[in-house]
Every structure is written in structure tokens, then in C-alpha cells.
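Q: I'd like to go through some charged side chains in this one. Can you take me through them?

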Amino acid sequence: TSAIGRLRGLDRNLAARFFHWHRWAGYLIALQVLAWVLGGLLFAWLPFQPWVKSADVLVKPQQALPPGWAAALATLPQRGPLLSVQSVATAAGPALKLRDAQGERWWSAAGGELPAPDAQAIGRYARSLYRGDGALVSVERLRESPRRLGIVRELGDRDEAWQASFGDRLGTRLFFDVRAGELLAARNDVWVVYDFFFRLHVMDYEGGEDFNNKLLRGASVAAMALVLTGLTLTVLALRRTWRRRRKA
């Protein structure tokens with residue numbers, strides 16, 4: 001009888017300790033678990049390609065290498081060996097994006113410097129890519145990447161860009177390079193919400209891409225502690241229930 005009493009007292013002490021640990025782990029991780037769950041629901045239910053990636057309203061340009069592109073490069077002022085040549089569509093028409101040791105530059109497919117686009121050229125090009133039912137509301141040159149919901153930067157680390165905004169139900173925004181008028185990204189209000197919860201999900205509030213940051217590691221340890229202490233409490237409760245039934 002005394003051994004059974006000691007065993008019951010041990011179970012009660014273990015249950016009290018694990019309940020204490022479980023409660024504090026819950027305090028530490030509750031909001032982050034809520035963010036993980038809400039984010040998971042959004043990721044599962046939001047139409048990714050049609051809404052988040054704007055596939056329903058945007059035709060992304062695909063530009064093959066134009067005829068005579070090699071001859072166009074013959075007029076290019078040399079500043080070192082070329083590392084890559086890419087054919088791109090721009091607000092000024094087909095162009096060649098060139099990369100060398102000094103960075104990127106654009107060259108007209110017909111030869112000669114590619115002119116930097118103005119607001120009118122960006123507006124025309126944006127309309128040619130857009131397939132939605134909204135009108136072009138504005139075209140403006142941004143000096144820094146838009147920040148929304150506090151932590152979401154629509155263009156990441158890029159500072160300057162042209163923004164063409166359309167008045168559709170998702171608030172579609174197309175961003176273009178200021179030097180050449182090349183399409184950089186398509187964003188909308190759904191994308192902002194998606195990216196906001198993705199940053200909360202990975203706990204990277206700056207770049208939104210670091211899956212191995214210290215915050216996420218610490219939160220994962222706390223979440224595992226919450227699960228393990230909860231499982232232990234469940235096992236102890238089942239043992240007590242089994243003993244009561246056996247005694248009865």
C-alpha cells in the first residue's frame with residue numbers, strides 16, 4: 001500500500017512539473033503557433049498562380065533572340081568580355097541584356113543604346129501585358145521599394161522602379177526597371193497578405209527567405225517542448241485513469 005501511495009505521489013509530482021513546463025512553453029510559443037496555423041491555412045486555400053502570382057491578369061513576356069542579334073552586338077562598345085547575353089522584352093521593344101564583370105547593361109536589338117523609358121512608355125507597355133478588367137490608374141516612378149503591413153517589401157532590396165497600378169479587385173501593380181523598362185514583378189493585395197504570413201511563418205522579417213535563422217530555431221525548440229510535455233501529461237493522465245478503473 002505504501003509503495004502504491006509513493007507511486008501515486010510521484011505521478012502527481014511529475015504531472016505538476018510537466019504542467020508547469022507545458023504552460024510556460026505555451027506562453028513562449030502560442031502566438032507563433034497561431035501564426036504558423038493561420039499561415040498554413042492561407043497557403044493551402046489561396047489560389048497561388050491565379051491570385052498570388054497574378055497569372056489571371058498578366059501575360060509574362062517571352063522574348064526569343066531576335067534575328068541579327070550578333071550583328072547588333074558588333075556595334076557594342078567594349079568594356080571587357082561578356083559573361084552572358086539574354087533577350088528581354090522592354091518598354092522600348094526587344095533588347096539584349098548583357099552581363100560583364102562590371103554589371104548589367106542593355107543594348108537595343110537593332111543596335112545602339114536602349115533609351116530609358118518614360119511614364120508614357122511604361123503605361124503603354126503595362127497595358128500590353130495586362131489581361132484583367134481594371135483600368136490603368138496611375139504610373140509613377142518610385143524612389144524606394146514599397147513597404148506594406150510593416151514588414152513586406154514588394155521589391156525586396158531594389159530601390160527604384162516604375163509602378164503601373166490597375167483598378168481591379170486585387171489591386172494589381174506591375175513593376176518595371178527604370179533603366180530599360182523590363183518587367184520586374186507583379187504584385188497585388190493578396191500577394192502582400194501571402195508574403196506577410198510567409199515572413200511570420202519562417203520568422204524572417206527582413207528578407208523573408210532565411211529558413212535557418214535563430215528565431216525560427218528557438219521557436220522550433222519551444223514548439224517541440226510544448227508537444228513533448230503535452231504528450232507526457234497525456235500519458236500520465238491515461239495511467240491515472242487506468243489505475244482508477246482497475247481499482248474499481
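A: Asp100 is buried because its relative accessibility is 4%, where buried means under 20% relative accessible area, exposed over 50% and partly exposed in between (1.4 Å probe, protein chains only). This is a predicted model: local features need pLDDT of at least 70, side-chain atom pairs count only at pLDDT 80 or more, and totals for chains, interfaces and linings use all residues. Residues are numbered from 1 along each chain as its sequence is written, and side-chain values use heavy atoms, with hydrogens and water left out.

Q: Which side chain does Asp100 meet in a salt bridge?

A: Arg105, at 3.8 Å, N to O; a salt bridge is a side-chain nitrogen of Lys or Arg within 4 Å of a carboxyl oxygen of Asp or Glu. Arg105 counts as buried because its relative accessibility is 15%.

Q: How many salt bridges does the structure hold?

A: 11. One of them joins Glu182 and Lys97 at 3.0 Å, N to O. That pair links distant parts of the chain, 85 residues apart, with Glu182 in the loop between β8 (173-176) and β9 (183-187) and Lys97 in strand β2. Strands (E, at least two residues) and helices (H or I, at least four) are DSSP runs, numbered from the N terminus.

Q: Is Lys97 buried or exposed?

A: Buried, because its relative accessibility is 14%.

Q: Switching to Asp189, what does it form a salt bridge with?

A: Arg173, with the closest N and O atoms 3.1 Å apart. Asp189 is in helix α5 (residues 189-202) and Arg173 in strand β8. Salt bridges that share partners join Arg148, Glu154, Arg173 and Asp189 into one network.
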